[in-house]
Structures are given as structure tokens and as C-alpha cells.
Amino acid sequence: METISVTSDYIPILIQIVVALSFVVVVMLVSHFIITKRRRVRSIKKEDNFECGIEIEGNARFPFSVKYFLIAILFVLFDVEVIFFYPWAVNFKESGWSGLLYMLLFVALFMFGFYYIYKKGSFDWNKDEE
Amino acid sequence: MISMIEFTDITAWIHSLLLSVMTPTWTYIVELALSGVTALVVLLVCVIIMVYMERKVAGFMQLRWGPNRVGPYGIFQVIADVIKLLLKESFSPNRADKVMFNIAPALALCVSLMALAPISWAPGLTMWDTNIGILFITAISSMGVIGILMAGWSSNNKYSLIGAMRSGAQIVSYELSAGLSIVTAVALAGTLSTNGIIQSQADGWWILKGQIPAIIAFLIYVIASTAECNRAPFDLAEAESELTAGYHTEYAGMQFGIFYLNEYINMAIVSIIASTLFLGGWMPFHLPFDYPVVHVFNHIMDFIPTWMWFFGKMFLIIFFMMWFRWTFPRLRIDQLLKLEWKYLLPISIVNLLFAAVIIVLHWHL
């Protein structure tokens, strides 16, 4: 089954984007026009952030420590590796034992990196809290 | 086969009707647009049923009635809620980043609607029958987190920001084990196209044919996708006891409605994918054995229409996700990430290898 993808194969997705966008726009416009029939009330209290219901202290745009930023980095590493599994999985039935052998090698490297991160304590986020 | 109206008859009729009035190119475009709108409408009806179902299931599990005032058995409650949301004013707060604040819900919903394209709804009824269907869905569904991060950051609200950050970490981590479970099913089926995967289950669903690894992969996929949808017990992004309402605290009216809709559409898509990969999508329940009794059984199962199988499986998985919500207490963020990185990820990798060995030895039925 040799099929070559061409750009025109992706027209359906373009049309799906248009349908999705126009749905959102139509819903927002309908909502907007129903409201403008009625009188809009404006006040400082109303236009202010709700936050948690009480007076707002300071601004939310301040630097703060995101403890799980490491997740994002690890995710990039691991997700690239997971992507490599897809072409392997599609052709796995033809490749047979040799395919399994190569994949074992790859997974061994994968698990070695995983073990290193594990031992390094990257998954113990609540450790230095004590 | 019994003679009944198949979906392919309807599409063929529309095709010939359109061809008689316009050129083939326009016919193609109009058909795609029509199928997109149809998929959207079907999904919206599903969402309305799901919202009603969620409340009724919650009521059932907590020994109360659930909605029972608007219409018989409260069936018009959801319609009333939609009308209420449409009538509410959606405004952006003064301190918010107005542009990003208004784009965020649209982006989140568009991304989840795009994942609809490669789904196989019934035999021969796919909007975009491509050879990379599942890969496309996994690629697109990981973009959903951008909408949530945008909403959380642009609100200029500390709780929204924390909620969005949590949600980012959570969705991104659970994508790994969800992806690995998908790879397990792809390795069993040997194709990435949604139609091909369903056709490969003609003599039995993968959850039966694929032995233990398929069952483990299915369970991991359901857990990971519950987390990806920000559903309880993984709803840390909108943990109401600590974060007001999480990333959509500042949203009102239909903008909030779009986030709400997005959550349910995500749930529907995730359960459609789970049923496509492991439960055979629209494929009736067949047994993979070569006995006369089994043939009769398989033939009887063919009499149940495919749309009933499709929506039956979809709502079964959705029911499980609702059941989780009222069974498990909410996790803490470090427990949540520990569950993924220390347990689900290694288990799914080992499970993938286990599945590979079974495929090589031809132990799968």
C-alpha cells in the first residue's frame, strides 16, 4: 500500500478549521447581539477582576517559582522519544524479531535516561519543603 | 444482510445531488463543509446529553434526584442553562490582557473541534480518511493546553495563573502515557488510520484479541485521558476549594460557556478514540473463534446498527469517567505528577514491550 501524501490531502482539515472558527464566532456574535438589546451597566467594581471575591492584593504578573517547570523539559525529551514509537509501531508486524531487538535497544536507552532522572530526584518535588 | 438505509446511501445521494448543480471541486468543498457542520451538530447534541447525564449520574450516586424541574425528568434543564449563558454578558476585566483573554476560549474550542476530522463515525463515514488519523489527533489534542495557559495568564488573577500552570504540567505529563497506550494499539493494528484500526477489529475487539497488554493499555489510556480532560479526580486546574474556579475564574457568559463546552467535547473525543482503539469503534461485538456457534453469534450481532455500537461505547466510557468523579478524592499536585512519572510511564513502556513480544510470537488472536 504505497500512498504519497500531497498538500491537497490536507484540504479537509483547512475546512474543519474554518467550520470550527465560524462556530465560535457565530456563538459569540449571537450572545453579543442579544445583550446589546439590553442596557449595559458599567462600573469600576464590575469591571474589576473577581479573583477570589475579596479586594485584590497586588498584581498577578510577578515572578514566582514554578516547581514543576522541570516537567516541561522532561516532557519535551520524552515526547520526542514517544513520537519515534509511532513509525515503528506501524511497521512492526513486517519487521518482526529484528524490529523488537532494535526497539529493545531504544527502550534500554530510554529507561537508562529515566532511571538517571529518577535517581537524581527530579520526581521528588516536595522534598526540599521539609 | 438486511436491507436498511445505510449512512453511505445518504452520503451517495447528497454527492449526486451536489454534482448535478456544481463542479466537482465545489462539490468536494461543500461536502467537506457539510460533514464538518454535521459532525459539530452531532457532537453538540452529545454534549447536551452528556451534561444532563452528568447531573443525573451525580444525583444517582449521591442519592438525590438531580435536575427534575424543567420539563419531564428535567430534560430541558441543559437547554435552559445554554439560554441563560447566551443571555449573560461576557466582558473582560480591566486588568486582563484583553486580546489574549478573548482569543483563549476560541482557540481552546477550535483545537478540540479539529480533532474531530479523522474520526470514523460509521462504515465509510469519515470526514478526513487519512493514513495518519491517530497521529493527527494526538498532535492536535496536545495543543489544547495553549488555550488554557493563555486563559490563565491573561486573566491577571493569581489563582487562574496557578490553575493554568498546574493544568499545563498535568496535561503535558499525562500525554506521554496516553501516547504510549495509543502506540500499543497501533502496533497491534499495524496502521494509523482510524478506519484501518476499526477494520482490523472485524473479528474481535483489541481488548479481547490483544490479551493482557491491550487491557492494561486501555486502562492506562482511560486514566491518562481523564487527566488530560481535567476531570475529577485530576481536576487540579479548577480545584474549587483552593483556586476559586481555576483558569476560567474571570470568564463570564458565553466565553465561560465555550470553556464548559470544550471540556465536554474533549471528553467525547477522548472516549471516541478509546473506543476506536480498543473497543472497535462502530464495529459490532464479534468473537475471534472459528466455530459454527460463534459465526451465528457474530451474525446476530451484525443486526444491531453501527451507530448504536458507536454511541453505546462512547457513552459507556463517558459514564466511567463520571463514575470516577464521584468515587475518587482529588489528588494533590505532587501525587498527581508522581502517579504519572513514577507509575504510569514506566508501566506503559514495559506494557508496550510486552505487547510487542506477543505480536512477534503471534499470541494475539
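Tutor: The largest pocket holds about 770 Å³ of space, a pocket being an open set of points on a 1 Å grid over the protein atoms alone, where a 1.4 Å probe fits and protein lies on both sides within 12 Å along at least five of seven lines; the volume is the space filled by probe spheres set on the points, which are joined across faces, edges and corners. Its lining has 25 residues, and T11(B), S35(B), T38(B), L125(B) and T126(B) are the closest to its centre, where a lining residue has an atom within 4 Å of a point. This is a predicted model, in which local features need pLDDT of at least 70 and side-chain atom pairs count only at pLDDT 80 or more, while totals for chains, interfaces and linings use all residues. Residues are numbered from 1 along each chain as its sequence is written, chains are lettered from A in the order in which they are written, and side-chain values use heavy atoms, without hydrogens and water.

At least two lining residues each come from α1 (7-19), α2 (24-61), β1 (120-122), β2 (125-126) and α13 (306-325) of chain B, and α2(B) gives the most, with 10 residues; helices (H or I, at least four residues) and strands (E, at least two) are DSSP runs numbered from the N terminus. By class, 17 of the lining residues are nonpolar, seven are polar and one is charged.

Helix α2 of chain B, which gives the most to that lining, also holds E54(B), a residue that is buried at a relative accessible area of 5%, where buried means under 20%, exposed over 50% and partly exposed in between (1.4 Å probe, protein chains only). E54(B) and R231(B) meet through their side chains in a salt bridge of 2.9 Å, N to O, the term meaning a side-chain nitrogen of Lys or Arg within 4 Å of a carboxyl oxygen of Asp or Glu. Because R231(B) sits in the loop between α10 (211-228) and α11 of chain B, this pair ties together parts that are 177 residues apart in sequence, and both residues are buried. A salt bridge of 2.9 Å, N to O, also joins the side chains of R325(B) and E54(B), linking helix α13 to helix α2 of chain B across 271 residues; R325(B) is partly exposed, with a relative accessible area of 32%. E54(B), R231(B) and R325(B) belong with E263(B) to a network of salt bridges, and the whole structure has seven salt bridges over all chains.

Another of these pairs is D235(B) with R330(B), whose closest N and O atoms are 2.8 Å apart. D235(B) lies in the loop between α10 and α11 of chain B and R330(B) in the loop between α13 and α14 (333-360) of chain B, 95 residues apart. D235(B) counts as buried at 11% relative accessibility, whereas R330(B) is partly exposed at 28%.

Helix α11 of chain B is also the place of N262(B), which is buried with a relative accessible area of 6%. Leaving aside neighbours within four places in sequence, N262(B) is in contact (heavy atoms within 4.5 Å) with A108(B), L109(B) and S112(B).

How values were computed:
Ala, Val, Leu, Ile, Met, Phe, Trp, Tyr, Cys and Pro count as nonpolar, Asp, Glu, Lys and Arg as charged, and the others, Gly among them, as polar.
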